Amino acid sequence: MSTKTEPVELINPSEAVTNAAVIKNYEEVYQRSIEDREGFWAEEAKKLQWFKPWTKVLDDSKKPFYQWFTGGKFNIVSNAVDRHTKTWRRNKLALIWEGENGTTRTYSYHALNREVCKFATILKSMGVKKGEIVTIYMPLIPELPIAMLACAKIGATHSVVFGGFSIDALSSRVNDAASRVVITADGGYRRGKVIDLKTIVNSALQDSPTVEVCITVKHAGNAVTMEADRDFWFHDLMSLPIVSMNCETEVMDAEDPLFILYTSGTTGKPKGLVHTHAGYAVYSATTLQYVFDLKDEDRFWCTADPGWITGHSYLVYGPLICGATVVMYEGAPNHPYPNRWWQIIEKYGVTILYTSPTAIRALMRYGEQWPKRHNLSDLRLLGSVGEPINPEAWRWYHRVIGGGKCPIMDTWWQTETGGFVITPLPITPLKPGSATKPFFGHEVGIVDDQGNDIPAGAEGNLVLKAPWPGMARTIHGDPDRYKSTYWGQYEKQGWYKAGDSARKDSDGYYWIIGRTDDVIKVSGHRLGTAEIESALITHSDVAESAVIGVPHEVKGQAIYCFVMLKPKLTGSHELETALKEHVAKQMGSLARPEKIQFVDKLPKTRSGKIMRRVLKAQAMGQEVGDISTLED
Ligand code: WTA
């Protein structure tokens with residue numbers, strides 16, 4: 001267990017930021033939110049539009065399967081879209097989209113509603129029913145949020161699969177969800193190249209027998225194969241005479257599922273976390289509103305893809321519920337030049353930028369001259385998410401991008417939490433590299449394996465001691481796994497185990513260290529080492545493998561694979577390249593290993609468990625430490 005004294009340096013927010021902030025007294029509001037948690041959330045929930053109010057704020061009778069706002073009738077789309085069309089916001093921009101090739105499109109709330117209604121009527125005409133799971137596999141184009149909202153509007157559950165995932169990852173997710181309908185695009189742009197998504201879908205669907213309908217948006221114009229009776233062009237459907245703007249928003253129970261989102265865990269099988277209409281809406285909107293202090297004049301740019309939770313909560317649902325103007329950019333940050341992002345900020349007058357430490361580190365490497373060429377003075381708040389941000393990157397982001405005047409909201413949270421959990425507010429004095437303090441309603445513990453408090457400054461398991469409305473309700477089709485993964489270890493105390501280790505310093509600031517399980521964060525993308533091992537093993541030369549994450553200067557973590565080949569085979573540079581390619585092909589290039597090391601044997605305990613600690617030490621050229629439990 002490590003202890004560390006943190007630097008005392010505190011960066012105070014400017015007067016301009018403090019004056020503008022809605023919440024000026026964190027401690028007071030926090031205390032109230034803990035003493036009367038249900039009261040706090042009920043008050044936030046009242047700000048949204050309900051078909052029928054709830055009868056109970058929190059139902060813990062089936063814990064850990066908590067339920068929020070039970071008895072209430074609600075739809076997230078009446079809040080994210082419908083209600084804005086009845087106010088002056090109908091003319092406000094909801095979406096400003098820029099494609100990598102420079103194309104731009106904008107949608108007012110009125111226009112967004114029109115597109116959502118039209119697409120919703122199409123889905124209905126395809127027989128999509130309430131509760132059925134529709135898989136969405138798309139590039140970062142406006143039709144992606146439109147498809148998500150159209151599903152939610154008619155009560156279908158969406159499952160967005162990140163467009164960077166490959167054939168097997170896609171088909172296994174489609175199969176787990178038993179989707180009948182898949183929505184995709186011909187292709188997407190990335191660094192000037194077209195990623196041929198439809199071809200990936202076509203291959204994936206060969207192993208996904210439940211799919212009857214595939215709707216394809218024409219975006220990149222690449223040649224695609226369409227199968228009669230199954231494949232439809234989005235634009236053909238949208239121009240059919242049956243398509244109309246008259247589409248009622250389905251009345252849902254508060255606890256009805258809104259989406260499932262697959263995320264990596266310790267086993268090779270990704271888990272489909274289930275989020276609900278009402279609790280998730282209340283949580284994503286409240287956290288966004290207070291942390292980024294959203295104003296009507298803001299232009300909010302979250303650089304995440306909706307294939308990940310950050311895109312769900314803070315590119316689509318949270319901002320739209322708050323009636324914000326959202327900026328969306330399709331492509332790579334350095335295409336065609338490393339000033340692309342800074343150009344977008346200047347061009348659209350972005351006031352809030354929310355991105356990942358990996359992106360900051362990557363852009364930092366090109367040098368200050370790139371952002372310096374642009375006027376970034378509209379920015380007033382910055383955000384960071386997905387992995388710990390190292391103080392050096394924090395300072396560069398603060399000084400160069402934020403001009404020293406924009407506080408950085410380093411938000412710690414997870415797919416499972418639905419929204420921010422440990423985060424500053426604009427008024428919080430900041431320490432570079434710390435996510436600071438718990439959001440309202442949260443009691444965060446740093447404990448040992450038995451649940452005893454760990455003293456300030458020392459590392460321990462991060463636990464959340466009370467339920468919150470945005471929590472994932474279960475794992476699709478596997479409630480036992482949900483219960484054991486998150487609530488098993490601290491069952492007696494009733495705490496949620498995050499799977500991260502962290503420290504709390506003597507000022508009560510939290511410092512996230514990283515995952516304690518076999519999950520790694522590569523460029524902020526969450527991957528399971530077991531998934532990569534499963535992909536490696538499908539190569540005909542591989543007998544066994546063990547995958548670990550090692551520190552990487554830009555990506556945060558990189559994938560390092562130890563591979564044992566089948567008898568009589570020897571490793572070579574060519575085979576290393578082939579195996580990297582194999583993993584990238586199976587899972588998607590985000591999972592391409594950094595390094596393959598061929599070994600004769602893997603270090604195992606006598607009970608046959610791979611000792612990852614030993615591998616890690618070896619990969620990093622460190623002392624191996626105690627190996628008394630090693631089998632051989
Ligand atoms: C890590 C992403 C440090 C953490 C929203 C967590 C962070 C995992 C931060 C969840 C942060 C997220 N500082 N680490 N600000 N934010 N993490 O599900 O290890 O993709 O458990 O959700 O990302 O990843 P996920």
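Helix H7 (residues 167-177) and helix H18 (residues 573-587) have axes that come within 4 Å and cross at roughly 30 degrees. Axes here are lines fitted to C-alpha atoms, for helices over the stretch in contact, with angles running from 0 to 180 degrees between N-to-C directions; helices (H or I, at least four residues) and strands (E, at least two) are DSSP runs, numbered from the N terminus. H7 and H18 are therefore roughly parallel to each other, given that angles under 35 degrees count as roughly parallel, over 145 as roughly antiparallel, 65 to 115 as roughly perpendicular and the rest as oblique. On the H7 side, Ile167, Asp168 and Ala169 make the contact, and on the H18 side Lys585, Gln586 and Met587 do, where contact means heavy atoms within 4.5 Å. By class, these residues split into 3 nonpolar, 1 polar and 2 charged. Ala, Val, Leu, Ile, Met, Phe, Trp, Tyr, Cys and Pro count as nonpolar, Asp, Glu, Lys and Arg as charged, and the others, Gly among them, as polar.

All of this comes from a predicted model, in which local features need pLDDT of at least 70 and side-chain atom pairs count only at pLDDT 80 or more, while totals for chains, interfaces and linings use all residues. Residues are numbered from 1 along each chain as its sequence is written, and side-chain values use heavy atoms, with hydrogens and water left out.

Next come H10 and H11. Helix H10 (residues 277-291) packs against H11 at an angle of about 90 degrees, the axes being 8 Å apart, which means H10 is roughly perpendicular to H11. Among the residues that meet are Tyr280 and Leu288 in H10, and His312 and Tyr317 in H11. This contact holds 8 nonpolar and 5 polar residues, with no charged ones.

H11 (309-321) also turns up around the ligand: along with strand E20 (408-411) and strand E25 (510-515), it gives two or more residues to the shell. Of the 17 residues around the ligand, Thr411, Thr415, Asp500, Lys521 and Arg526 come nearest; a residue is near if one of its heavy atoms lies within 4 Å. The shell has 6 nonpolar, 5 polar and 6 charged residues.

As for polar contacts (pairs of N or O atoms within 3.5 Å), an oxygen atom of the ligand sits 2.7 Å from a side-chain N or O atom of Lys521. For Gln414, the side-chain distance to a ligand oxygen atom is 3.0 Å. The protein covers 97% of the 520 Å² of accessible area that the ligand has on its own, by the Shrake-Rupley method with a 1.4 Å probe.

How values were computed: A polar contact is a pair of N or O atoms within 3.5 Å; within protein, one must be able to donate a hydrogen and the other to accept it, and residues adjacent in sequence count only if both atoms are side-chain atoms.
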